[in-house]
Amino acid sequence: MLLRSLTRSSSNASTSLFFRLFPRSYFSRSSPATARSIRRLSDAGTGSELFLRRGLRLLPAAASGCLSGQFSRAVSTQTAPSYPGQDEAEKLGFEKAREEFISECKSKAVLFRHKKTGCEVMSVSNDDENKVFGVVFRTPPKDSTGIPHILEHSVLCGSRKYPLKEPFVELLKGSLYTFLNAFTYPDRTCYPVASTNTKDFYNLVDVYLDAVFFPKCVDDVHTFQQEGWHYELNHPSEDISYKGVVFNEMKGVYSQPDNILGRITQQALCPENTYGVDSGGDPKDIPKLTFDKFKEFHCQYYHPSNARIWFYGDDDPVQRLKVLSEYLDMFDASPARDSSKVEPQKLFSGPRRIVEKYPAGGDGDLKKKHMVCLNWLLSEKPLDLQTQLALGFLDHLMLGTPASPLRKILLESGLGEALVNSGVEDELLQPQFSVGLKGVSDDKVQKVEELIMSTLRKLADEGFDTDAVEASMNTIEFSMRENNTGSSPRGLSLMLQSIGKWIYDMDPFEPLKYEEPLKTLKARIAEEGSKAVFSPLIEKFILNNPHCVTIEMQPDPEKASQEEVEEKNILQKVKASMTDEELAELARATEELRLKQETPDSPEALKCVPSLNLSDIPKKPTYVPTEVGDVNGVKVLRHDLFTNDILYTEVVFDMGALRHELLPLVPLFCQSLLEMGTQDMSFVQLNQLIGRKTGGITVYPFTSSVWGSDVPCSKIIVRGKSMVGRAEDLFNLMNCVLQEVRFTDKQRFKQFISQSRARMENRLRGSGQGIAAARMDAMLNAAGWMSEQMNGLSYIEFLHTLEQKVDQDWEGISSSLEEIRTSLLSKNGCIVNMTADGKSLTSTEKFVGKFLDSLPEKPSGGQVTWDARVPLRNEAIVIPTQVNYVGKAGNIYSSGYKLDGSSYVISKHIGNTWLWDRVRVSGGAYGGFCDFDSHSGVFSFLSYRDPNLLKTLDIYDGTGDFLRGLDVDEDTLTKAVIGTIGDVDSYQLPDAKGYSSLLRHLLNVTDEERQIRRAEILSTSLKDFKEFAEAVDSVRDKGVAVAVASQEDIDAANKERSDFFEVKKAL
Ligand SMILES: [Zn+2]
């Protein structure tokens, strides 16, 4: 599930899912003042943001459909399109199987069957301009060689009509897509695209259809080698190594303990069916895959008879069938649909236990690094919607919020640091439930197991608190009404919900219709009481379920190096078995592949990918209605937008008067506000009250450089949402959180520390590029330094010290938390941001006034100047890993570069061409990208799951020469410009519009300035590219490098380039 996997925290259960690349907001900062803050925001995932997101999980598939789903478009310019009649569909080769109006998403949905092949098509029509298309194949693997995953990567590398190296990348460069990616599940492969521009949308659809049905990769072994695996030998005298994008991606996955546990769980629960192997590929097995098997798999499963196709949005439904019939008519029926059926796993007759090792760092107390997790396969047959809904509800009640009893009891026990893989997972054929802890002492493993069982027993016997049930109900209903899918299209979320049943030959309509089952469930709870509803579920599916697997994971400091040695041995044997001629041939083949990878597509080939013209692009940026006013002396920003009766608000406080030393305490301060309780209310009561009355409250720090200013912007943002009718409650609760919470609960604070440490360590292993980027930022500017104190390596170090200190000096820490509050909380410098329709904005104003009046009034002043930096030097942060994260950055303003909109176009182009080709395609890393923060002037290069280290730095250093040698024709340039506009104009739901507008206000980005940048983007010329080379050269000459890497690779690098890196240990 996309939404779930994108938003869920690491403590939730997760289906293994592989993306072709990560979501755009993850690395791109090209849209001024939004992406960076998104990064900050998503990192601030503590507190209620977390539980709200979990609330989304409740409905089969993430409730991101739409309940009384008015799509949040103020204006609908299109009348309802005419639907193809039976005759028209017949003529195009389809029969209408079923038709329904789905009130939950105000959509007409028609299921068509292509008569010749049996291909099924869901055609969903409504007035949503964010159109979505997806084709999904059932692709159950029989082994762990990663075929489905490698195929997912490969089909997008050129096709019959689009014979380029990578049409996918051409689309990334020059389309207005709002979503473009591909992903592999354990049993299916999805290819979704989305756009609000109809012409662009159909361009994307055609490229994707051609790619899946007629890919070049089945005739071209080079793609298989590049995306899957190959032996690399640069010279017969050197060692052979493995290379391949998926190979390295999976090495990264297999370096992360939580991921390893997730895989072992799935395989242990379902040892006898397709879930017993890894569709992503085990790095040990990937090299066993042959090209023939790979081709065979495509031929068998990528066939219309085995495809399910989804269309959604306000485009013409007849056009959809026309486009499809062109492709589908070329095929005859195949038996693929039968051979791809997923067989259920039979339930065990008794519990099982598995002990496994995972790679750990040599430092720290390894005895305390065990993980233990209990897992149940809930049923042999798929569950009906009613039961599934009730189980989702139960999941939220037990684990959804910090106040939920199972979560709370486990974390308060002190037996472990944080939850792992916990929750109900219902995306695969058979649902499962897991709960466990990490950071457990080796002698406490059994205690954890006992505590989990006794708590579940207790919950079955005693039931849940009425307030807790009400809070969960409100949270879930709110998220359904809000229908907030964040930056991903609503139609995509609906598609993934529908596919969750459809893929198993069940009803594709059912998952979209949840109003009835929800009403029934509510009625049952009201009549029989919650205990009568939930206790039998706990008894049946968990306590009395023999299909239970306990998994214990033990840290092994030797494992990472052992695996490297094993791999080396295998490769040495391979080399020893080869004759001189064969070695020469391999070196030649390596060179041939590299040459092919580095040869650009011809301009003629590039022309065949359809793209938009500059005339299709709006000349003006999208403006968010903003009225700046004043309430009781405080600045209030109002955005009059249709929000379906929901009020979104942010209250911003200035951190400028905070002492430096207190900065790293800020994240824990924010968590304490939401999770420590007041004089009159325990934190459980406070949490339930927030859940019952609002859509959630979050508190987090925000920092950024301000363009043209030496003083960074540093704020605390309190974010809340509620139904308009509950606005008074919302402001009262925000006031309560800010002013009444008491920092007295040492035990809870200790839990916060260990949870934060676990989360940061997970980040270090899983998103080392973020840690590297933060570190470089901290060397280069004050805002970066602040941010790193709260969310980087310095923060990890701080947490270690704090953990020691908390018992000796709790008084001191508690009064520091109070000092943070005193220094922040003031009417002076406070800003309020509100998003709702005009009438609601007016009607809620009195509550804002009351809220503001209760804030202390302090004279401003005592501003601390933030001018700290981490010392400028090349650093390597050692972690136990098989793949590295390599960064290099410099401030291009300080070398004289003047901001121009063309820089967005150019950095995007560098990322999509030079870095994609060298770091990813020929370097074998999963990702290579660059990022220009136009506020601070920091230009950074980053790689993700990278087998190389110094070699990647050399590629970065070559960027200036690449730009100087560049010869872009008009078409390429236009594409680059359009793609950049696509980033800048990224699709936003109303809450995001209001929020972006607030950030622009804070960072001094005016609408005039946005218009200037846009004009500069649109008029970017080749000359700009050449001139930018100088700026990039300054990163080469004066920049700083930070890598998160394995000890072995760092040692080798320091040997080769004498002591290039200062070495730091982190785990
Ligand atoms: Zn992948």
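Let me begin with a definition: contact, as I use the word today, means heavy atoms within 4.5 Å. Please also bear in mind that this is a predicted model.

With that settled, I turn to the sheet. Five strands, in the order E12-E16-E13-E15-E14, form an open sheet, and their pairing is mixed. Strands E12, residues 352-359, and E14, residues 418-425, stand at the edges; each has a single partner strand, so one side of each is left without a neighbour in the sheet. On average, neighbouring strands here are turned by 15° against each other, direction ignored.

E14 pairs with E15, residues 432-440, in the antiparallel sense over 6 bridges. Within that pair, Ala418 stands opposite Lys438 in E15.

Which helices lie across these strands? Helix H10, residues 257-269, lies across E12, E13 (370-377), E14, E15 and E16 (548-556), and runs at about 150° to E16. Helix H16, residues 445-462, lies across E12, E13, E15 and E16, running at about 35° to E13.

Finally, I come to a hairpin. Strand E2, residues 94-102, and strand E3, residues 107-114, run antiparallel and are joined by 8 bridges. Ile102 stands opposite Ser107 in E3. What lies between the two strands of the hairpin? There are 4 residues between them, and in this hairpin Lys106 takes a positive phi near 45°.

Thank you for your attention.

Conventions
Residues are numbered from 1 along each chain as its sequence is written. This is a predicted model: local features need pLDDT of at least 70, side-chain atom pairs count only at pLDDT 80 or more; totals for chains, interfaces and linings use all residues. Side-chain values use heavy atoms; hydrogens and water are left out. Two strands pair if DSSP finds at least two bridges between them. Axes are lines fitted to C-alpha atoms, for helices over the stretch in contact, and angles run from 0 to 180 degrees between N-to-C directions.
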